Amino acid sequence: MHEMKSRNIAPTQRLRGEFTVPGDKSISHRAIMFASLAEGESRVFGLLRGEDCLSTLGAFRSLGIEVVEKSDNELIIHGRGLAGLQEPTDVIDCGNSGTTMRLMSGILAAQPFFSVLTGDQYLRKRPMGRVIDPLTSMGARFLGRNAHTQAPLAIDGGGLEPVEYHSPIASAQVKSAVLLAGMQVDGATTVYEPHLSRDHSERMLRYFGADLESFPGGARVNGRVQLTGREVEIPGDISSAAFFLVAGLIVPDAEILVKNVGVNPTRSGVIEILQQMGGSIELTNQRELSGESVADLLVKSSQLHGIEIGGELIPRAIDEFPVISVAAAFAEGVTTIRDARELRVKETDRIAAMCECLGALDVNIEPLEDGMRIVGGELLTGGEVNSYGDHRIAMSMAIAGLGAAAEIKISDTACTETSFPGFWELLTLVSGGQEI
Ligand code: S3P
């Protein structure tokens, strides 16, 4: 449990700076996992040292993987192959990390030993049936709370068969869990999804040598192909950059350059959404890094307007809706977000949380069953809000505070360590107008 720190954010007129944000969380998890399952050494550069990824690192250490921290920027992982993991002697704690718990479920379901996954008070409430169901259809044996849908989860691993799974939701965690189990058994495992969710697993598994194809509507892996250790360079996290993108748009005199940001099309929905709202965001210096697309993002103050958001854009921006709702509060007119029911089962119910938080600053915001409706353009008042222990709610409200009429106080802010160590320091530097 984090201690209950709180932060005050004062309004600001000016933002300047050229800076990078920490490594991509989704890609960092996968780098640790796939390097551990590969044969031989992998060197990983730019890994996110946030709490979620440290949970994944701890999990693999407890499975017998040696990890050497060469420097702040470089990690060496001594992979032991698909058959090299050892039975953990204790429960594996996934902390706040849904990605750790769901992807580890896929990996451990196929390993011939017993393991138990648990997490913090928030993660133990989140739905795990979405991975346990398809894994059970492959022959996996899971036990869990609440009719085997919530952690702690006990896994009696091994003895799986391949599967053809039609996922009812566009979820990279579900897709990855099934592919990671399928990768360890003979035969072809296929996952179909209603819209394309982030495809980092597919890209990085191929990069490590897996026999995996992506096609419109899904992905297929052929089992028991050996992965080989590689060098992986992790780009900056677009989900972390998103806070500064919105800050740069809503503060009256702002010009910032966020460098080295991952702009994989399955993740860059936030850029498209903010541009559709009238935001000035330019992509420069676009290049490839370990199979992922990367760019520098130049952002300038803009007058935003409301839009309608739904459909295939939703999974491509799923983690950014808290800060997109802040942008909408500063935009002229109505913004409607639909098809985003998944927001209700994130680190907290993000629809309820953002309606509470922005409502407390007198924003005209209304929850919808699968999204929200925001009437923007009125000045936000100061006030007090709570993060609900959710890192992205805390950081979104900090951005709202930069553009509000008076100071806001955010309670329970230590959770930003989950994905963005150094967030508050960077925000102070950028809003102080200093070059970084
Ligand atoms: C993630 C996938 C998304 C996202 C989460 C990270 C991943 O969840 O919200 O923060 O790394 O695969 P779903 O796949 O459940 O939508």
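How far is an oxygen atom of the ligand from an N or O atom in the side chain of S26? The gap comes to 2.7 Å, which puts the pair inside the cut-off for a polar contact (N or O atoms within 3.5 Å; within protein, one must be able to donate a hydrogen and the other to accept it, and residues adjacent in sequence count only if both atoms are side-chain atoms). The model is a predicted one, with local features needing pLDDT of at least 70 and side-chain atom pairs pLDDT 80 or more, while totals for chains, interfaces and linings use all residues. Residues are numbered from 1 along each chain as its sequence is written, and side-chain values use heavy atoms, leaving out hydrogens and water.

For D319, an N or O atom of the side chain sits 2.6 Å from a ligand oxygen, and for T99 the corresponding distance is 3.4 Å. On its own the ligand exposes 390 Å², of which the protein buries 95% (accessible areas by the Shrake-Rupley method with a 1.4 Å probe; for residues, only the protein chains shown count as cover). The residues around it (a heavy atom within 4 Å) are S26, R30, T99, S171, A172, Q173, R198, I318, D319 and K346.

T99 also turns up in helix 3, among its buried residues. This helix covers residues 98–109 and reaches 16 Å from first C-alpha to last, close to the 16 Å expected (1.5 Å times one less than the number of residues). Helices here are DSSP runs of H or I with at least four residues, strands are E runs of at least two, and both are numbered from the N terminus. Because 12 of the 12 residues of helix 3 are buried, the helix is largely enclosed by the rest of the structure; buried means under 20% relative accessible area, exposed over 50%, and partly exposed in between (1.4 Å probe, protein chains only).

Then there is the sheet: open, with 4 strands in the order 6-7-9-8 and mixed pairing. Its edges are strand 6 (92–93) and strand 8 (141–144), each pairing on one side only; pairing takes at least two DSSP bridges. Strand 8 runs antiparallel to strand 9 (residues 150–156), joined by 4 bridges, and R141 has D156 as its bridge partner.

As for cysteines, the whole structure has 0 disulfides (sulfur pairs within 2.5 Å). The sulfur of C94 lies 12 Å from its closest counterpart, in C53, so a bond is out of reach. C94 is buried at 0% relative accessible area.
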